Amino acid sequence: QLQPQLFVLAPGATSDGSYAHAGEEFLFVIAGRLAVWLDERECHELAAGDALTFPSSLPHRFVALGGDETRVLWVNTPPTF
């Protein structure tokens with residue numbers, strides 16, 4: 001029921017807009033920095049060692065911050081891709 005993915009993001013990489021779907025999400029920043037917007041009301045700026053969970057039904061988007069590569073373990077349930 002879990003779909004883990006390793007996101008390797010170049011500086012400035014984005015989700016190209018918000019999206020929503022059924023399920024829940026967990027992410028853990030391994031390296032770099034990431035901003036995640038939830039429902040355009042909350043912005044979470046995460047650094048290495050930070051984690052975030054949220055319902056996938058909230059519109060969400062992200063952007064890799066800073067000048068270094070960002071690595072994120074991102075887990076969806078149910079699998080979405």
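Colleague: How many aromatic pairs does a search of the whole structure find?
Modeller: It finds 3. Keep in mind that this is a predicted model.

Colleague: What about the rings of Phe7 and Trp74, how are they arranged?
Modeller: Their centres are 5.0 Å apart and their planes sit at 25 degrees, so this pair is stacked. Phe7 belongs to strand 1 and Trp74 to strand 7, so the pair ties together parts 67 residues apart in sequence.

Colleague: Is Trp74 buried or exposed?
Modeller: Buried, with a relative accessible area of 2%. Phe7 is buried too, at 16%.

Colleague: And Phe62 with Trp74, what is the geometry there?
Modeller: Ring centres are 5.4 Å apart and the planes are at 55 degrees, so that pair is tilted. Phe62 is in strand 6 and Trp74 in strand 7, so the pair links parts 12 residues apart in sequence. Phe62 counts as buried at 7% relative accessibility. Phe7, Phe62 and Trp74 form one aromatic cluster.

Colleague: Switching to the largest nonpolar core. Which residues touch the most other members?
Modeller: Leu27, Leu34, Val36, Phe54, Phe62, Val72 and Trp74, out of 14 residues in that core. Strands 1, 2, 3, 5, 6 and 7 each supply at least two residues.

Colleague: Which strand gives the largest share?
Modeller: Strand 3, with 3 residues.

Colleague: What is Leu27 in contact with, leaving aside neighbours within four places in sequence?
Modeller: Among others, Leu34, Val36, Leu46, Phe54, Val72 and Trp74. Asp50 is also one of its contacts.

Colleague: Last one. What lies over the face of Trp37?
Modeller: Arg61, at 3.9 Å from the ring centre.

How values were computed: Residues are numbered from 1 along each chain as its sequence is written. This is a predicted model: local features need pLDDT of at least 70, side-chain atom pairs count only at pLDDT 80 or more; totals for chains, interfaces and linings use all residues. Side-chain values use heavy atoms; hydrogens and water are left out. A nonpolar core is a set of buried Ala, Val, Leu, Ile, Met, Phe, Trp, Tyr and Cys residues joined through side-chain atoms within 4.5 Å. Buried means under 20% relative accessible area, exposed over 50%, partly exposed in between (1.4 Å probe, protein chains only). Helices (H or I, at least four residues) and strands (E, at least two) are DSSP runs, numbered from the N terminus. Contact means heavy atoms within 4.5 Å. Rings of Phe, Tyr and Trp (its six-membered ring) pair if their centres lie within 6.5 Å; planes under 30 degrees apart count as stacked, over 60 as edge-to-face and the rest as tilted. A charge sits over a ring if NZ of Lys or CZ of Arg is within 6 Å of the ring centre and within 35 degrees of the ring normal.
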